[in-house]
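This report is written for a reader meeting the structure for the first time. Please keep the sequence and the model in view while reading.

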Amino acid sequence: MGLKADVWIRKMALEHGMIEPFVERQVREGVISFGLSSYGYDMRVASSFKIFTNVYSAIVDPKNFSPQSFVDVETDVCIVPPNSFALARSVEYFRIPPNVLTLCVGKSTYARTGIITNVTPFEPGWEGYVTLEISNTTPLPAKIYANEGIAQVVFFEGDEQCEVTYADRKGKYQGQVGVTPPKL
């Protein structure tokens with residue numbers, strides 16, 4: 001299984017629509033960087049957020065998720081409360097080839113301020129906007145900047161194609177378009 005470089009990522013994005021919209025170079029000036037990097041792609045966070053709240057004293061249950069667990073916010077700068085959590089989505093729509101798996105890691109600029117971004121792997125054949133899990137591990141409010149970098153996606157190509165892709169098994173998050181809470 002090989003890690004894919006910028007040349008491959010660019011080709012797959014431009015010729016096969018793997019990433020849309022696609023930014024061909026790293027944008028850095030005055031923003032948290034995003035776009036194509038040497039061995040990955042720095043995706044951006046969109047301006048729609050679901051901020052977790054305990055206003056209604058709902059229990060967070062991944063098998064029976066209550067919409068009362070969060071507050072919807074549309075903003076250019078999201079404030080995540082101390083020791084709290086928000087869901088968001090990527091600006092980019094991804095279409096993962098059937099022989100590719102991605103891993104995603106948070107940007108160092110956020111990590112160095114106690115902001116952890118978690119994203120599960122994009123499985124072979126998956127497509128959609130990425131739901132991002134953003135944790136504020138600090139005792140202070142934290143700013144998340146919409147339309148700027150949030151996490152880096154790295155692409156691994158398998159030595160052979162898997163028998164069943166995420167699309168084949170009709171995965172529950174296939175084709176997601178908004179900030180998607182947990183489904184059972």
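## Asp42 and its surroundings

Leaving aside residues up to four places away in sequence, Asp42 touches Gln26, Ser33, Phe34, Gly35, Ser37, Lys107, Ala151 and Gln152, where contact means heavy atoms within 4.5 Å. Asp42 lies in strand β4. Helices (H or I, at least four residues) and strands (E, at least two) are DSSP runs, numbered from the N terminus. At 3% relative accessibility, Asp42 counts as buried; buried means under 20% relative accessible area, exposed over 50%, and partly exposed in between (1.4 Å probe, protein chains only). Asp76 is 34 residues from Asp42 along the chain, and the C-alpha atoms of the two are separated by 18 Å.

This is a predicted model, in which local features need pLDDT of at least 70 and side-chain atom pairs count only at pLDDT 80 or more, while totals for chains, interfaces and linings use all residues. Residues are numbered from 1 along each chain as its sequence is written, and side-chain values use heavy atoms, with hydrogens and water left out.

## Salt bridges

Side chains of opposite charge can pair when their charged atoms come close. A search of the whole structure finds 7 salt bridges, a salt bridge being a side-chain nitrogen of Lys or Arg within 4 Å of a carboxyl oxygen of Asp or Glu. One of them joins the side chains of Lys107 and Asp42, at 2.6 Å from N to O. Lys107 lies in the loop between β8 and α2 (108–111) and Asp42 in strand β4, so this pair ties together parts that are 65 residues apart in sequence. Lys107 counts as buried, at 10% relative accessibility.

Strand β4 also contributes Lys50, whose side chain meets that of Asp72 in a salt bridge of 2.8 Å, N to O. Lys50 is buried, with a relative accessible area of 13%, whereas Asp72 counts as exposed at 53%. In a further salt bridge, Glu123 and Arg169 have their closest N and O atoms 2.4 Å apart. Glu123 lies in the loop between β9 and β10 and Arg169 in the segment after β12, so the pair ties together parts that are 46 residues apart in sequence. Glu123 is partly exposed at 28% relative accessibility, and Arg169 is partly exposed at 43%.

## Helix α1

Which residues of helix α1 (residues 6–16) are buried? They are Trp8, Ile9, Met12 and Ala13. These residues cover an arc of only 125° around the axis, which puts them on the same side of α1; the arc is that of the directions from the helix axis to the C-beta atoms. On the other side of α1, Val7, Leu14 and Glu15 are exposed.

The cover over the buried residues of α1 includes β2 (19–20), β3 (35–37), β4 (40–52), β8 (100–106) and β12 (149–157). Gly17 follows α1 and has a positive phi, near 65°.

## Strand β10 and its partners

In β10, 7 of the 10 residues are buried, so the strand is largely enclosed by the rest of the structure. Two strands pair if DSSP finds at least two bridges between them. Strand β7 (residues 84–95) pairs with β10 in the antiparallel sense over 9 bridges, and Leu87 stands opposite Glu133 in β10.

Strand β9 (residues 115–118) has a covered face formed by Ile115 and Thr117, and an uncovered one formed by Ile116 and Asn118. β9 runs antiparallel to β10 (residues 127–136), and 4 bridges join the two strands.

## Surface and the segment after β12

Val77, Ile79 and Tyr145 form a nonpolar patch on the surface, with about 220 Å² of accessible area together. Val77 is found in strand β6 (residues 77–80) and is partly exposed, with a relative accessible area of 32%. Patches are made of residues with over 30% relative accessible area and no salt bridge; like charges are joined within 9 Å, and nonpolar side chains (Val, Leu, Ile, Met, Phe, Trp, Tyr) within 5 Å. Accessible areas come from the Shrake-Rupley method with a 1.4 Å probe, and for residues only the protein chains shown count as cover.

Val164 lies in the segment after β12 and counts as partly exposed at 46% relative accessibility. Val164 and Gly125 are 39 residues apart in sequence and 8.9 Å apart in space, C-alpha to C-alpha.
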